[in-house]
Amino acid sequence: MGGGNAQKSKMAREKNLEKAKAAAKGSQLESNKKAMSIQCKVCMQTFICTTSEVKCREHAEAKHPKSDVYACFPHLKK
């Protein structure tokens, strides 16, 4: 049988509890801000830590054509 008002209320409470737990985790914006660890030394623009060398080179060529790539991103020197 089942399906009475008490069961519906219980299911609604459990569903709302799960939603509250998911909302408590928060968005990923805060962790993304912390991951912005690569910085162009010319314009101080930050990039997420997973940015590839290719993207760094693209930025340097597009935004700072007169500067050397290594002047913008010294961490690329090997």
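A residue is called buried here when its relative accessible area is under 20%, exposed when it is over 50%, and partly exposed in between (1.4 Å probe, protein chains only). The structure is a predicted model, so local features need pLDDT of at least 70 and side-chain atom pairs count only at pLDDT 80 or more, while totals for chains, interfaces and linings use all residues. Residues are numbered from 1 along each chain as its sequence is written, and side-chain values use heavy atoms, with hydrogens and water left out.

The overall layout comes next. Four helices and two strands are found in the protein chain, where helices (H or I, at least four residues) and strands (E, at least two) are DSSP runs numbered from the N terminus. Going along the sequence, the pattern reads α-α-β-β-α-α. The protein chain has a radius of gyration of 24 Å, well over the 12 Å given by the globule rule for 78 residues, so it is more spread out than a compact globule. That radius is taken over C-alpha atoms, and the globule rule is 2.2 Å times the number of residues to the power 0.38. Along the principal axes, the C-alpha atoms fill a box of roughly 75 × 25 × 20 Å.

As for contacts (heavy atoms within 4.5 Å), residues 24 or more positions apart account for 28% of those in the protein chain with a separation of 6 or more. The accessible surface comes to about 6,500 Å², and 55% of it belongs to carbon and sulfur atoms. Such areas come from the Shrake-Rupley method with a 1.4 Å probe; for residues, only the protein chains shown count as cover.

Now for the charges. The protein chain carries 16 positive and 7 negative charges, and their mean positions are 8 Å apart. Lys and Arg count as positive and Asp and Glu as negative, with His and the chain ends not counted; each charge is placed at NZ of Lys, CZ of Arg, CG of Asp or CD of Glu.

Two salt bridges turn up in a search of the whole structure, a salt bridge being a side-chain nitrogen of Lys or Arg within 4 Å of a carboxyl oxygen of Asp or Glu. One joins the side chains of arginine 57 and glutamate 53 at 2.9 Å, N to O. These two residues sit four apart in helix H3 (residues 53-63), which means about one helical turn separates them. Arginine 57 is partly exposed at 26% relative accessibility, and glutamate 53 is partly exposed too, at 29%. Another salt bridge links glutamate 58 and lysine 55 at 3.8 Å, N to O. Here the spacing is three residues in helix H3, again about one helical turn. Glutamate 58 is partly exposed at 40%, as is lysine 55 at 48%.

Methionine 36 sits in the loop between helix H2 (29-34) and strand S1 (38-39) and, at 35% relative accessibility, counts as partly exposed. Beyond its neighbours within four places in sequence, methionine 36 is in contact with Thr46, Phe47 and Ile48. Threonine 51 is 15 residues away from methionine 36 in sequence and 9.4 Å away in space, C-alpha to C-alpha.

Methionine 44 belongs to the loop between S1 and strand S2 (46-47). Although not a glycine, methionine 44 has a positive phi of about 65°. Most residues other than glycine have a negative phi. With 46% relative accessibility, methionine 44 is partly exposed.
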